[in-house]
Amino acid sequence: MKIDLTETTSSKINQAMISARRSIGTPAIGMVLTLVIVTDEENAYDALKAAGDSSREHPSRIIAVIKRVSRSPRARRDARLDAEIRVGSDSGSGETIVLRLHGELANHAQSVVLPLLLPDAPVVVWWPEDAPADPAKDPLGALAQRRITDTYSAEHPLDELAVRAATYQPGDTDLSWTRITPWRSMLAAALDQQPAEIVSATVEGESDNPSCELLAMWLADRLGIPVERTLSGGPGLTAVRMETKKGAIVLDRADGSLATLCMVGQPDRAVALKRRETAELLAEELRRLDPDNIYASTVKFGVERLGGPDGASASDAGQKPPAAAAGAPAAKRAAVKKAASK
């Protein structure tokens, strides 16, 4: 069921939501959280589709905030709220409210969204693109326990990583970080099978791909080893090579779907490591609403401390040399395995 409301208010939207649920025979709310999407008309369809698909795992009230700033000065002074309500099969396993804020009202989105939040339920805000520099201080971000951005959608992703590090607050996260969860899990499992000291690592992937940088920073931060960042034609992250005193551990994914894991003393094995859709990434982030301390430590490590074309050498930045960590290989492997499970 879809209901269109023109020149409406938050109170009228709430009343229409109640009437819509009753008309389809589901008066109970049954939602576990409120997901607020801050987007524009160009990206609204894709964002709403991803949110609707993720709601099959996390039934949510989805509120899409679309700010429509008028061109003429006179029209910008006029405030108007239009809304579209979707319930039932038109909204996945939850319910959706699309808000279009015109004129001056676009500068006060939080006053419109606040009455529409589910009572006693967590709030997550997601910016598919054009995220604010400091999400926690954004008026809508301040309403949320969890704030999701995506550095991959930025014009300059590596600069955006630096901004995320400088403004990080507990509850912030990045879909570029979520994209490397399978890689982190696979590498942690490989280290568990190969009891040897790691001395260095190389991460290969596309230029200006924040997921590649985050994986390299994660390895350098958790293992205390020099990590080199090298470039490839993609797609995305293509290979990770870790040098140990017993030989190399290589995880190679050339086609963006199937990877090969190579370790000394074991046969090469094929592992599924496909590039995931936005709905899968969003569903993963909604599974946990507590602060991600591993992400915080990783993003603050700094791209400039990696070796390779996108950063200075690790030794120039004061990173620990391999000898500094030589005494505790087991502890390093445990740190990676623990971090991957977060």
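Leaving aside neighbours within four places in sequence, M242 is in contact (heavy atoms within 4.5 Å) with L187, L191, I198, S200, A201, L219, G247, A248 and I249. Apart from the core described next lies another, of 28 residues, among them A83, V87, I97 and V113.

The model is predicted, with local features requiring pLDDT of at least 70 and side-chain atom pairs counting only at pLDDT 80 or more, whereas totals for chains, interfaces and linings use all residues. Residues are numbered from 1 along each chain as its sequence is written, and side-chain values use heavy atoms, without hydrogens and water.

A nonpolar core is a set of buried Ala, Val, Leu, Ile, Met, Phe, Trp, Tyr and Cys residues joined through side-chain atoms within 4.5 Å, buried meaning under 20% relative accessible area with a 1.4 Å probe, protein chains only. The largest such core has 41 residues, and L219, V227 and M242 have the most contacts inside it. Its largest share, nine residues, comes from α8.

Helices (H or I, at least four residues) and strands (E, at least two) are DSSP runs numbered from the N terminus.

| Element | Residues |
|---|---|
| α5 | 157-167 |
| α7 | 181-193 |
| α8 | 210-223 |
| α10 | 293-299 |

Eight strands form an open sheet of mixed pairing, ordered β1-β4-β5-β3-β2-β6-β7-β8; pairing requires at least two DSSP bridges between two strands. The edge strands, β1 (2-5) and β8 (172-174), each pair on one side only. Strands β2 (residues 33-39) and β3 (residues 60-68) pair in the parallel sense over seven bridges, and L33 has S60 in β3 as its bridge partner.

How values were computed: Buried < 20%, exposed > 50% of the residue type's maximum accessible area, 1.4 Å probe, protein only.
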